[in-house]
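The following note sets out, point by point, what may be read from the structure shown below. Please keep the sequence and the three-dimensional view at hand while going through it.

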Amino acid sequence: MNQYLKNLNKIEFVVTYACTGRCKHCSEGDHTSCGERIDPLIAADAVRKIAAEYNIKTVMTFGGEPLLYADAVYEIMNAAKELNIPKRQVITNGYFSKNVEQICEVSERLAQCGVNDLLLSVDAFHQETIPLEAVKVFADEAKKKGIPMRLQPAWLVSKTDDNPYNRKTREILNSFGDMEIPVGEGNIIFPEGNALKYLAEYFTDELPKNPYIEDSHDVHCVSFSPNGDVLGGNMYECDIMEILRKYRGEQ
């Protein structure tokens with residue numbers, strides 16, 4: 001076992017950078033690489049290989065909007081379910097189709113492949129371009145299928161800060177009251193990409209440290225980009241276990 005990865009317990013996949021929203025707070029900016037998507041079979045194989053050597057507790061898929069390429073999510077989550085990985089997590093904005101039959105089918109298949117932590121991104125930023133009623137249709141179907149779900153808002157400055165965006169976010173969350181979906185902690189927006197471009201006035205002169213960047217010499221999570229990049233290698237060009245064996249952190 002690579003000692004730089006001895007505490008590895010999470011695998012995450014950015015399924016695609018393509019998205020149905022154009023959010024002001026998005027750290028990915030203008031989604032210039034939106035044509036790329038994760039390879040479902042290679043990604044699922046990577047889950048199996050990594051979990052055979054490391055004690056993986058969580059597998060996550062997100063984006064962009066991962067359910068634009070739902071087949072990749074199914075493959076990855078099926079592998080995680082087969083391996084009894086405890087947390088099988090999908091982060092979605094809930095808007096990937098206008099077709100009710102397709103929404104029902106996706107919800108059914110997410111339940112079948114064992115998704116047990118569905119994080120639904122709803123807040124003032126997502127709802128500037130994503131219709132809330134369409135999101136609620138998906139949320140209702142997912143709930144009917146028994147998928148554990150939380151609302152996952154993005155907060156500006158802090159959860160308690162009284163700014164126009166947070167006030168709108170609270171209003172949106174309250175509109176889910178009759179659906180009885182719990183609200184998660186959400187996340188605090190980091191000034192990067194679109195957030196730095198459109199929301200700069202809300203950040204101090206000294207930018208905070210990005211909370212999502214790990215110590216490169218004590219990696220807890222391996223994150224795959226849609227083009228296969230991971231830990232300085234590429235899973236489409238090299239076996240994932242060889243990439244993990246050769247990893248030596250940032251020098």
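1. Aromatic pairs. The count of aromatic pairs in this predicted model comes to five. One of them joins Tyr-4 and Tyr-247 in an edge-to-face arrangement, with 6.2 Å from centre to centre and 85° between the planes. Tyr-4 belongs to the segment before β1 (10-16) and Tyr-247 to the segment after α7 (240-246), so this pair ties together parts that are 243 residues apart in sequence. Tyr-4 is partly exposed, at 24% relative accessibility, whereas Tyr-247 is buried, at 11%. The limit for a buried residue is under 20% relative accessible area, which means that the two tyrosines are placed in separate classes.

2. A pair of phenylalanines. Phe-96 and Phe-138 also form an edge-to-face aromatic pair, with 5.3 Å between the centres and 85° between the planes. Which parts of the chain does the pair link? Phe-96 is in the loop between β3 (87-92) and α3 (100-112), while Phe-138 is in helix α4 (residues 132-144); the two are 42 residues apart, and the pair thus links distant parts of the chain. Both Phe-96 and Phe-138 are buried.

3. Further aromatic features. Three residues, Phe-125, Tyr-165 and Tyr-202, make up one aromatic cluster. An aromatic ring may also have a charged group over its face, as with Phe-176: Lys-136 lies over the face of this ring, at 5.1 Å from the ring centre.

4. Ser-216 is located in the loop between α6 (194-198) and β8 (221-224). Is Ser-216 buried or exposed? Ser-216 has a relative accessible area of 14% and is buried, because that value falls under the limit of 20%. Leaving out residues up to four places away in sequence, Ser-216 touches Tyr-4, Tyr-247, Gly-249 and Glu-250. Both members of the tyrosine pair are therefore among the residues that Ser-216 touches.

5. Surroundings of Val-73. Val-73 is part of helix α2 (residues 70-82). Its relative accessibility is 0%, so Val-73 counts as buried. Which residues are in contact with Val-73, once its neighbours within four places in sequence are left aside? They are Val-15, Thr-61, Pro-66, Leu-67, Val-90 and Leu-110. The C-alpha atom of Val-73 is separated by 9.4 Å from that of Ile-38, a residue 35 places away along the chain.

6. Lys-246 lies in helix α7.

7. Positive phi angles. Most residues other than glycine have a negative phi. Glu-180 has a phi near 55°, a positive value in a residue other than glycine. Glu-180 is placed in the loop between α5 (164-174) and β7 (187-188), and is exposed, with a relative accessible area of 65%. Leu-231 likewise has a positive phi, near 50°. Leu-231 occurs in the loop between β9 (229-230) and β10 (233-234). Leu-231 counts as partly exposed, at 23% relative accessibility.

8. The chain as a whole. How many helices and strands are there in the chain? There are seven helices and 10 strands. The radius of gyration is 18 Å, close to the 18 Å given by the globule rule for 251 residues, so the chain is as compact as a globular protein of that length. The C-alpha trace spans about 50 × 50 × 30 Å along its principal axes.

9. Burial, contacts and surface. Of the 251 residues in the chain, 49% are buried. Among contacts between residues at least 6 apart in sequence, 79% join residues at least 24 apart. The chain exposes about 12200 Å², and carbon and sulfur atoms supply 47% of this area.

How values were computed:
Residues are numbered from 1 along each chain as its sequence is written. This is a predicted model: local features need pLDDT of at least 70, side-chain atom pairs count only at pLDDT 80 or more; totals for chains, interfaces and linings use all residues. Side-chain values use heavy atoms; hydrogens and water are left out. Helices (H or I, at least four residues) and strands (E, at least two) are DSSP runs, numbered from the N terminus. Buried means under 20% relative accessible area, exposed over 50%, partly exposed in between (1.4 Å probe, protein chains only). Rings of Phe, Tyr and Trp (its six-membered ring) pair if their centres lie within 6.5 Å; planes under 30 degrees apart count as stacked, over 60 as edge-to-face and the rest as tilted. A charge sits over a ring if NZ of Lys or CZ of Arg is within 6 Å of the ring centre and within 35 degrees of the ring normal. The radius of gyration is taken over C-alpha atoms; the globule rule is 2.2 Å times the number of residues to the power 0.38. Contact means heavy atoms within 4.5 Å. Accessible areas come from the Shrake-Rupley method with a 1.4 Å probe; for residues, only the protein chains shown count as cover.
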